[in-house]
Structure formats: structure tokens, C-alpha cells
There are 4 protein chains.
Amino acid sequence: MPDEKRMRSDIAWSSADRIVVRGLDFSSDVLGKMDLASFSFLQIMGFPPTSEQSRVYEAIVMTLVEHGITPSVLAARLTHAGAPESVQAAVAAGLLGLGSVFIGSAEGAARMLHDVGPDDGADLAERADRIVEGFLASGNAVPGIGHPIHKPIDPRTPRLWEIAAENGLSGGYVEMMKQVSFAAERRTGRRLPVNATGAVGALSCELGLPWETVRGIGVMARAIGLVGHLLEESRNPMAHEIWRRADVEASRHLREPSEERRAK
Amino acid sequence: MPDEKRMRSDIAWSSADRIVVRGLDFSSDVLGKMDLASFSFLQIMGFPPTSEQSRVYEAIVMTLVEHGITPSVLAARLTHAGAPESVQAAVAAGLLGLGSVFIGSAEGAARMLHDVGPDDGADLAERADRIVEGFLASGNAVPGIGHPIHKPIDPRTPRLWEIAAENGLSGGYVEMMKQVSFAAERRTGRRLPVNATGAVGALSCELGLPWETVRGIGVMARAIGLVGHLLEESRNPMAHEIWRRADVEASRHLREPSEERRAK
Amino acid sequence: MPDEKRMRSDIAWSSADRIVVRGLDFSSDVLGKMDLASFSFLQIMGFPPTSEQSRVYEAIVMTLVEHGITPSVLAARLTHAGAPESVQAAVAAGLLGLGSVFIGSAEGAARMLHDVGPDDGADLAERADRIVEGFLASGNAVPGIGHPIHKPIDPRTPRLWEIAAENGLSGGYVEMMKQVSFAAERRTGRRLPVNATGAVGALSCELGLPWETVRGIGVMARAIGLVGHLLEESRNPMAHEIWRRADVEASRHLREPSEERRAK
Amino acid sequence: MPDEKRMRSDIAWSSADRIVVRGLDFSSDVLGKMDLASFSFLQIMGFPPTSEQSRVYEAIVMTLVEHGITPSVLAARLTHAGAPESVQAAVAAGLLGLGSVFIGSAEGAARMLHDVGPDDGADLAERADRIVEGFLASGNAVPGIGHPIHKPIDPRTPRLWEIAAENGLSGGYVEMMKQVSFAAERRTGRRLPVNATGAVGALSCELGLPWETVRGIGVMARAIGLVGHLLEESRNPMAHEIWRRADVEASRHLREPSEERRAK
């Protein structure tokens, strides 16, 4: 067949006696030698992280694993109720809602900081003002700041800044993320501190992760979290109760229109 | 509403200033203190692993992250071609094929060993013979042995046994898995050594992981692997080429029936 | 590359000026000429249905489109809340729970009847007794009979039998499905009439649909139903309320352990 | 619990002896009385279509069912290879790629025409010029025009226009879609006739379908198409061959670096 484009992947290959991932022999150089976070970094970036990069990358991933009973967790549990034999389908259902609303804000923060570029000596506060103006002018929320529950601050943020600093990875992106928060507070008069997704976005940039992969990292982190929820669901389910209550309530006005009318 | 069953999850909760996962304060006791594999173990099991358990659990997860260009990877890449804006959907598509054929064999090995129970002093070889007979009689393959490519042995298996032994977790389940392999070889006259999924199944049992969660662990591990493939696909795609070739070839006999006939 | 197996699909092909599906020119012979149910039958079976087959097939599909606020619908709505930009992901999430518990029973009924085979002159009641015994002995529910809500009968069943009879497609499979219901009632002493999925299973067999495709037909039918739910969700959402209530209730015992204790 | 928002769905409800969808008794008024396309319209819009609306809606859905061996079909088939027991997962995997690249263009055309509004007496050609300029200025392709294979015209488009006209539904949106094509041709000097997705977008507007639901309609239509592909895959698979070839080719440069070098 003419005009063929060669298909090519640089990630892994294997032969009868070897498995090689990103140039390392999996059995002798990876297994038992490298930790899981470092292996994930290697898989994505193509080279192993330094010890410092690994600690910061691990902190990013861990921050995104478990966020309580979220819509994502509920979709996974409800799927499990119908297809308990397909755990992979329940995990997948839980991942499918990790779009623009939830994981999107870590991606958005990384993209915002990436588009700005690192500290180039210019006045950071003024640059942050321009960024905030840009988002507000376009009608979009500034990503990575404020939190509906964690007030006055998101308790993960100072810890993430600390881990970055301890590992020499608190640079211009971290500083710019903080400045964006200050600029947004100046502009709106509200408390809008950097939240965990903003910190994740900033640390992703410090690590040189492409912003396009930040959502993917969040997705894999949630997959880790969902496995725990699905084991719990198989032992102490909540899906049937959610179903029963929603079904009864949502169609009550159709089922008992006269009682509904009387109740008014 | 009467008859309500209380919904209950023991995994996590948060307040304005705290996030607690499995009883540990996430910001102060987990982030920067616990490694990713240990956190995953904690999330699933409800208690933190010992250092030895953590190393063996980590080896299990890492073994399942990256298996080259698999149907799962291809489904993810093809999905990315149509919805590059939804990385979560591409990861999910890649996970959906992790069913009975692929990840199923680690689950199957864990279940087989779990059903047998650990070493109880009886003659292991005889018990292994009975297990193998049971599978063959029901027309099913014995899970966790043999490999189409890795011959004579799967190079990951001895390394996994080694890690288990180094961490004091090479017990009755590991021994039984080996005996199953020997029994199958005796019975069939073929070389059927324990493969990586068999070793993963045995180590899962040594760790006390419920067999129902083994597939889930495989699914989350592959999610980690897929993120690397999707970043590569966004930069050096193969989906369009797979599509073009399959489309041309699969319908050639319909498109050019006369040429097809002539070619015979 | 040697050893290639030719890839081949007989479903469709196209050229610059034509699109051909299952041998019919799509623009001139299908569009505006064939109804949607007939086109679906053609797509699956490879030949167009007779008018009678089409009516019965359409009744099967329509029976599976809309079942109220199900776990499947809830998973789709919760996914939409996180990724409103990816309607395809929300539909997919809704389909993923259509496994062994829900759609599985139509598939199970079709498979049961297929394995039995059509009326061969033997005593039907006795054959039905054997089938029921087989299921009960293996600890499985007999598929296609009984209903938790629709009592004493599922109102769709007599209508489906009627449509089959009107179209000359009420044969040995329908009779056997009824006999299985009678046998189960004799055996258990409970009212266990044929439910909608049992009728769907029987009519699928009458049409010659392979039992392996019955679940797929249910899946596509639910996709039709989910689109309506997702439009409603985008206008009058329930996902956030489900999330809020589940989150509060499920972790109350962790959040307020003392109040919980006091309430006892 | 205070602050509860009432959950409410107007789609369906059931009791022991009735199932009601959009106000119609399913067993007596829908099953065997209404065709599948009309039922789908009812499900989405909340009211039954006129006969004319039903024919045009059916033409839209049917146009989107089967597009040959697409990335979507391949993702479904590859998923089936790993989880043949979960047809719902294979269908879902096939739907997940129906994002911005493929189904997106029908949605985009509907949105473009919806934003413009119907014929209001102004000079259509001039308004179309402005639309085309807007898309080109923002660096986006004008949706619904041109086709890589179907040249000089997409054979489905004239048939869709014909069906619309026969049913009295060829109005201002159809005219505007044609004008957009002319404007794009004037502006670029290339042949850019309305393609099938452009016609689908225009007819969706004529029917009053919200543009947000057009992608959903495409998704459900493809679900119908995928069921046929998955039955074919289970009988005459291509997934393993795609896998084998991609695996061999993609990692050849890693597996045999010296031979690769020699071949240059």
C-alpha cells in the first residue's frame, strides 16, 4: 500500500526475554528499583525524574487521588450496581466526568501559567493584573483560585508550596500563581487564595510537564481513588439507595399530581 | 421518606480547614510523608501498609502499568483522534477493554489461589493437580501460567518472587502458584511457567488484597500507562494511519469486487 | 509483513459519489425509503427485514429505550455535571452499567430460549420444568420472569405478545417463554409472569437475532433514551443535588462522630 | 435536611400497572402505535412529532448511523477483543471519540445557524459572508461544508434537501446553510458544497431541535451502527490483526535498531 506513514512509538518494546520501557530494562532496572511516582513520570516524560522532581510530581498526583463523594465517585458506584462483573467499566464511568468543570481547573491553571511564561524580570503584579483582566473580560473564571468549602485557605496549598520549596522547585510559576491570586483579590475585593488545583497547575509548570498532560495526570490519580470506592461499594453499597430516592422524588409530581396540588 | 437506608462511606471527609482520608490528615500526615503506592494501598485497604507490604504492592502495580501497543492503548489513541479535547474519555476508552481477556488473568489467578486457601500442611503438589484438573475439566485455561512471547520464562516473574522474598511476603500463595505451574506442565507436557499475571495474583493474596479488587488495581495501573501514550499520540499520532489502512483494506472486496476476482 | 490475516468488513463502503450500506445505496435506497428500525435490523443482520419482522423488531427496541430514573440515567447525569462539553461521554457513562444486572436479563432470556431450541413437538411443560430446575440448581434466577414493581403483570408483556401475533411471529419461543413462567410458578408457588425483558428475549429468538446481540440492542435503545435525559439535565439539573446530599450523608459519621454518638 | 432543591424529571413514571412516557401510556399508546424515530423525538422534545417532522428527524438520525470503518468503530472492536463479555463497554468505547472532530461538525453547523437565526428578510448572501469571515478570522473551519472523499458533492446532501422539501421543512435555515457554502466558495475559490453534517445541522434547526442536543443525536445514531460492527467483530474479528501489525511496526526501531540503521 503506498503513501503509508510509518507508525512509531518510543515508549516500550519487548522480546522473548526482555521488556524495555523508555530505554530501561523493566525487570532489572525498574521493578523494585524505582518508585511508582517516578515510573509514572518516566512513562510520560521519557526520562526518569531527579529525586526532587519525583517528590514534587508525587505530591501533585496524590493531591488528585481522593476528593470524597464526588459526582465522579457516584457515577462509578451507580455503574457498578448494574455491571458488578466489569470493574473496568465502573472506573471508566467515574473518569468520564473529569472534564472542564472539575479536573479542568488544574489544567486551566497550568495553561494560564504556561501561556504567561516564567518570571522574566518584568513586574509580576502588573502581569498578573493583565491575566485576571483577560479572564474576566472573556467571562471566564480565573482557574486555580478560591474554594467553596476550604476557607479561608485550602489546607493543601501551603503544604504543596512547602514541598516545592524543599525540593528547589518553587520558581517563577509558583510566584506567578500567587500573584494571580493577589490580583484577583484586588480586582474583586473577595478572598481568593490559590487552591489545590492552582498549586498543582503551578508545580506542573515547574516540572516542565506539558499543560496538555495535566488533565491526564488528574484522570489517572482519580482512577487510583476510584478503586477504593468500588471495593467499598461492593461491600456497603449506596447506589441502590441513591437510585430509589431519586426515582421516587423526581417523578412524584407525575405520579401523584393531585396530592402535589393539594400540598400547595 | 420512610425506609431509608443510611448511605455511608468510610473513606474521606473534609471541613473548612481539613481533609481527612482513611483517618489521616491529608495535608499534614499524607502529602510529602507517604509515597504514592502506600497511599493507594491505604485508600483500598483502609489502613497504611507496612514498609514491606508497600514494596510488594508497588511491584504489583508497576508490573501492570505498561504493556506496549495493546488493544487498550490503540482504543485510547483512536478515541483521542476524535475527541482530543477530552483526555478523560480517551483514558476511559483504553480501560474499557481490560476485561476477561487481559487483566482478567491476574484476577483469575488471585481468585484461584484465594479459593484454595493458603498452605495448610497438605501435600501441595496433589492440591495443585486437583486445581489444574478442575480448570481443564470445565474447559477453561488455568490462569497465570504460560506466555505467548516471553519464553522460556516471563522475565518479570523471578524478579517479583525476589521482591516478595526480600520483604518476607513469599508464603503459601506463592508456593501454591508455583505448584499449579508444575502441575499444569506435568499434565500437558508443555512449558507453562508462572507468568507476570500469575505472580501478581499470588502476591495480591500474600498481601491480603481481596481478589475482587485485583482487576481494579490493574485498571488504575493501566490508567497511569495510558497517559504517556496519549501525550505521545498528541505529538506523533498513529490513529489516523490505523484508520486509513483498516478502512481501505476491510472494504476492498466491496469497493473493487472485479479486481478482487481478477486477483484470484 | 508476512502472516497477515486480511481484515474484512461486509457492512459498508463508499466512493466519491456513493455510500453503500449492506449492499444498498444509502442516498437513493435507504434515506427516506426505509424506517429507522428497519435500518437498524439491516445493519445488524445484513438483510432488510420483512414488514412483519420490522414491526416486531421495532417493538423490542422501543421497549428498552426509557425506564425512568435508573442507575444508568443517574450515571449519565452525574457525568454531564463534570463534563457538559462531552455529551458523548455522558451517554457512554450511562451505557456502562448495562451489564449483567439490568440489560442482562433480556440477553439471559434469549440465551435460555436459544439453548432450548424451538418447539420440537416434545411436551413443552416438561421441558420448561427442566429449564427452571437447571437455573435453580445452579443458584441463578430464571431470566425474564417476575417484576418488583409491575404486579400482578408487566403491562408491556401482553402488548408485545399481541404485536408478535399480529405479525405472524408468535411461535415456539414465545410459547416456551410462557411455559418457563408457568413452570417457575409451579415450582415456587409465587406469581412469576413473563416480564418485558422475557418477552424481548422471546421475540428476539423469533426474529432469529443471535442472543449475543440482544444486549447490544438494549444498549443502543438506552442511548436513545439517555439523550432526552441529558437535555433535561442541562436545563433542570439534579446531579448537583444528588452529589450534595450523598456527600453530606455518607460522611456524617466521620464529620460529627460525637453528635452521631449522642443521637444513639 | 434543609436547603434541599427538589429533584424533578418530566420524562417518565410508572406504577404497578402503567408505564407513562412523556404523558403517553407506553403499552397502549406507544408500543406498536408510534415508530422508533417518532418515539426518539418524543423522548427528547417532550411532544410527538407531526408526520412531516418525524420523516425529517428520521432522515437526520439515519444519516449518522453508519460511516464505515471509522476510529470510533475501531475503538469499539479493539475493546471487544479484551472484554467480549461487556458489549456495553465496547459500544461506549466507540462513542467516546465522537467529540469535536467528527460529530462536532453537525453540532457546529446547527450552532452556527442557530446563532444567526432564521431568514429575517435581510440579504442572505451578505449575512453568509459575515459568518464565513467570522470563522476564518478566528482560525476555525466553517462547519458543514466540503468533504475529503465525497466530491464534487456529498451524495446525501441533495437527498436530505429533497426530504426536507417534501415535508415542508425546507426553510430559512436550509437556505442559510446553502448561502454559507456559496460564501465560503467565493472567499476561498475552492469547491465547498454543503456536506451531510451541514445538512443535518440545517434540518435540526428547521425542526427546532436545540443545537446542544445535535451531538447527542449523533451519538445515539452511532450506537445503532456500532451494534452491527460488534456482531461482525465477534464472528470475523479484525482487532487482533490491527493490534499485531501496530505493535510490530510501532516499536520496530526500538526492537531492531541496527537493522533500521542498515536499511537507511
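**View 1. Contacts of A:Glu66 in the predicted model.** Leaving aside neighbours within four places in sequence, A:Glu66 is in contact (heavy atoms within 4.5 Å) with A:Gly225, A:His229, B:Ile11, B:Ala12, B:Val21 and B:Gln43. The residue lies in the loop between α3 (51-63) and α4 (71-82) of chain A; helices (H or I, at least four residues) and strands (E, at least two) are DSSP runs, numbered from the N terminus. A:Glu66 is buried, at a relative accessible area of 7%. Buried means under 20% relative accessible area, exposed over 50%, partly exposed in between (1.4 Å probe, protein chains only). The C-alpha atoms of A:Glu66 and A:Ala223 are 9.4 Å apart, with 157 residues separating the two along the chain.

This is a predicted model: local features need pLDDT of at least 70, side-chain atom pairs count only at pLDDT 80 or more, and totals for chains, interfaces and linings use all residues. Residues are numbered from 1 along each chain as its sequence is written, chains are lettered from A and ligands numbered from 1 in the order in which they are written, and side-chain values use heavy atoms, with hydrogens and water left out.

**View 2. Polar partners of the A:Glu66 side chain.** A polar contact of 2.7 Å joins this side chain to that of B:Gln43. The side chain of A:Glu66 also reaches the backbone nitrogen of A:Gly68, at 2.7 Å. A polar contact is a pair of N or O atoms within 3.5 Å; within protein, one must be able to donate a hydrogen and the other to accept it, and residues adjacent in sequence count only if both atoms are side-chain atoms.

**View 3. The contact between chain C and chain B.** Chain C gives 24 residues and chain B gives 24 residues. The buried area (accessible area, 1.4 Å probe, that two parts lose on being put together, summed over both) is about 2000 Å², with 51% from carbon and sulfur atoms. In chain C, the most area is lost by C:Arg6, C:Trp13 and C:Glu249, together 27% of what that side buries. Between the chains, 13 residue pairs are in polar contact (both at pLDDT 80 or more). On the chain C side, β1 (12-14), α12 (239-250) and α13 (252-255) each supply at least two residues. The largest share, four residues, comes from α13(C).

View 4. A rotation of 180° with 0.0 Å of shift along its axis superposes chain C on chain B (RMSD 0.0 Å). The two copies are thus related as by a two-fold rotation axis. In chain C, C:Ala89 has the C-alpha nearest the axis, 3.2 Å from it. Superposition is by least squares on the C-alpha atoms of residues with pLDDT of at least 70 in both copies.
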